[in-house]
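Open the model in your viewer and keep the selection panel at hand.

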Amino acid sequence: MQILSVANQKGGVAKTTTALSLATSLAQQGFRVLAVDMDPQENLSAGFGVELEDGDLSLFEVLARKAKLADAVVPVELPGIDALSVLPAGPRLAQAEAELLGQVGFDELLKFKLAQVADAYDYVVLDCPPSLGALTINALGASQLVVVPVQCEFFSARGVAKLMEVVELVQERRNPTLQVRLVPTLFDKRNKISKVVLSELVDAFGARVSKIAVGVDTRVREAQVHGLPVSIYAPRSRASLAYEALACEVHRTLQTQLEGRAHGQAA
Ligand SMILES: Nc1ncnc2c1ncn2[C@@H]1O[C@H](COP(=O)(O)OP(=O)(O)OP(=O)(O)O)[C@@H](O)[C@H]1O
Ligand SMILES: [Mg+2]
């Protein structure tokens, strides 16, 4: 099982859209995928058309009330997809974040919980909230790869530098093999600022910036209104194709890392 998080403390940069689309694309390619909604706003769950009812379990009960992760997972039925599930956040997840901070080993709790379902999934995609709190730190600690959507507008690069400091701390102290991929999002090719920001990003972060930029595409918003991932709602749209290519890039990156580790062990 490979785990990737989608994180950026800045709001509205397309984290949830990216998590939703990557999870869907990987599932369309035949992988068994679990998408985890780590944001109390519950946008990822809504994007899959999943709504919690009273008494349903969620990530909140898993992290703060000792519920079994497998009991909180909801299967998602979408055309052409066999094995895609969502773990909803639960509206009380913000409260769990405050509770977690006081506990020993809080930053490894999610990793520990996910290890219990390691045989059930090929990929886990974690949609982080727009903050660098306990939930995002848990996600980074559990992941092999963090995908960072960066909106192509001024001030983006400064926020990314702050996130990269946190990523480096996690790498140093907890998770030395965590890889980073910055993904330019909401790219507007008619807008000069988009191009300037993209070249600034490449100057600052080099090969860590993905060659795949996701452009502004109205089909993304339409899909959201219908409670469907854009890859299902409009499979031939520019955004769907970009995310499909990104899913392939993510798969290749993680596969190479896995093979490298196997070689390292053999040597
Ligand atoms: N490629 C795109 N083209 C057009 N609109 C987009 C695109 N990607 C995302 N959006 C829109 O931008 C808004 C923010 O996207 P999203 O919710 O994915 O961001 P987020 O980073 O998860 O936000 P938050 O920080 O609040 O969790 C949404 O309304 C979404 O529909
Ligand atoms: Mg979001």
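**Stop one: the ligand shell**

Select the shell around ligand 1: seven of its residues are nonpolar, seven polar and five charged. Here Ala, Val, Leu, Ile, Met, Phe, Trp, Tyr, Cys and Pro count as nonpolar, Asp, Glu, Lys and Arg as charged, and the others, Gly among them, as polar. This is a predicted model: local features need pLDDT of at least 70, side-chain atom pairs pLDDT 80 or more, while totals for chains, interfaces and linings use all residues. Residues are numbered from 1 along each chain as written, chains are lettered from A and ligands numbered from 1 in written order, and side-chain values use heavy atoms, without hydrogens and water.

Of the 19 residues around ligand 1 (a heavy atom within 4 Å), Lys15, Thr16, Thr17, Asp217 and Gln224 come nearest. Now colour helix 1 (15–28) and helix 10 (218–225); each supplies at least two shell residues. Helices are DSSP runs of H or I, at least four residues, and strands runs of E, at least two, numbered from the N terminus.

**Stop two: polar contacts**

Show N or O pairs within 3.5 Å.

- Gly12: a polar backbone atom is 3.0 Å from an oxygen atom of ligand 1.
- Val13: a backbone N or O atom lies 3.0 Å from a ligand 1 oxygen atom.
- Asp217: a polar backbone atom is 2.8 Å from a nitrogen atom of ligand 1.

Taken alone, ligand 1 exposes 630 Å², and the protein buries 88% of that (Shrake-Rupley method, 1.4 Å probe).

**Stop three: an aromatic pair**

Select Phe31 and Tyr123. They pair edge-to-face, 5.2 Å centre to centre with 85 degrees between the planes (pairing needs centres within 6.5 Å; edge-to-face means over 60 degrees). Phe31 lies in the loop between helix 1 and strand 2 (33–37) and Tyr123 in strand 5 (residues 123–127), so the pair ties together parts 92 residues apart in sequence.

Definitions and conventions: A polar contact is a pair of N or O atoms within 3.5 Å; within protein, one must be able to donate a hydrogen and the other to accept it, and residues adjacent in sequence count only if both atoms are side-chain atoms. Rings of Phe, Tyr and Trp (its six-membered ring) pair if their centres lie within 6.5 Å; planes under 30 degrees apart count as stacked, over 60 as edge-to-face and the rest as tilted.
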